Amino acid sequence: MSTSDDSQEPSNDQKQAPLIEHLIELRSRLMRAVIAILLIFLGLYAFSNDIYLFVAEPLMALLPPGSQMIATEVASPFLAPFKLTLVTALFIAVPFVLHQAWSFIAPGLYDNEKALAIPILVSSILLFYAGAAFAYYVVFPLLFAFFTQAGPENITVMTDINQYLNFVLKLFFAFGVAFEIPVATFLLILSGATTVESLSQKRPYIILGCFVIGMVLTPPDVISQSLLAIPMYLLYEVGLLFGRLVRKRRAEKAAEASGEE
């Protein structure tokens, strides 16, 4: 009996060894990602106030002469730029963080999966950045122009810096995620979870859903809701277009393969 038990022990150790190696590898990748974020944060911290002024520029440019933002909490002048700098460091480090995630999962993928995953990963990063840039350069000027001009004449706009930061970070995230719709649509079609025809037939519901999401994620005004909902729908159509192209290409390859046989 003891001989049988002894023979089983190496087998159990062999089963546990790959798991331990994967956990060590995961910890190493996470540590590299965290260190990269901290290094970028330390490099940006000296410019934290400048970064905040850059993010606040769309509102500051529309305030009446002599107006300024205010801090209603004692620690806000320090915490608001600090928080924004940390978020900026994470924003800049996203490609490296995703590269670490990719390096961890890539060994378990097939070659055809790797060939497809890399373009999807790169396009996801670029689309998220594009969504944040769209929010800053297009949405913010229109939105803040509406807000500053819609109030009563005798009301002076004096926005709290912490509240403003929370507001713009929410919009950055909302538009960044919204711009991922082409990738999500493409993956649904590619995985076989749905078809181009099925999604095309559901356009009225998709349009309604885009405006509902716009109402949930943006302030309660028609301008900001439309500025999020309309790009979401257009990006949905882009995802359908790529789904059609890939389906057409697969059909052509299948026809070529059957012809060769």
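Analyst: UniProt positions are given in the numbering used here, and annotations may be inferred rather than shown by experiment. Please also keep in mind that this is a predicted model.

User: Where does UniProt place the feature "transmembrane region"?

Analyst: The unreviewed UniProt entry places this feature at residues 33-55, 75-98, 118-147, 167-193, 205-222 and 228-246.

User: What do residues 118-147 and residues 167-193 look like in the model?

Analyst: Residues 118-147 are 100% helix and 0% strand, with end C-alpha atoms 41 Å apart. For residues 167-193, the figures are 85% helix and 0% strand, and the end C-alpha atoms lie 35 Å apart.

User: How should I read the packing of two helices?

Analyst: Two packed helices are described by the angle between their axes and by the distance between those axes. Here, helix α2 (residues 48-60) packs with helix α3 (residues 76-105) at about 85 degrees, and their axes are 9 Å apart. Angles of 65 to 115 degrees count as roughly perpendicular, so α2 is roughly perpendicular to α3.

User: Which residues make the contact of α2 with α3?

Analyst: Helix α2 contributes S48, N49, I51, Y52 and V55, while α3 contributes A80, P81, L84, T85 and T88. By class, this contact has 6 nonpolar, 4 polar and no charged residues.

User: Is N162 buried or exposed?

Analyst: Buried means under 20% relative accessible area. N162, in helix α5 (residues 161-178), has a value of 19% and is therefore buried. Leaving aside residues up to four places away in sequence, N162 touches Y52, S76 and A80. Of these, Y52 of α2 and A80 of α3 also take part in the contact between those two helices.

Methods:
Residues numbered from 1 in each chain as written. Predicted model: local features only at pLDDT ≥ 70, side-chain atom pairs only at ≥ 80, totals over all residues. Heavy atoms only, no water. Helix = DSSP H or I, 4+ residues; strand = E, 2+ residues; numbered from the N terminus. Buried < 20%, exposed > 50% of the residue type's maximum accessible area, 1.4 Å probe, protein only. Contact = heavy atoms within 4.5 Å. Axes fitted to C-alpha atoms, helices over the stretch in contact; angles between N-to-C directions. Parallel < 35°, antiparallel > 145°, perpendicular 65-115°, else oblique. Nonpolar A, V, L, I, M, F, W, Y, C, P; charged D, E, K, R; others polar.
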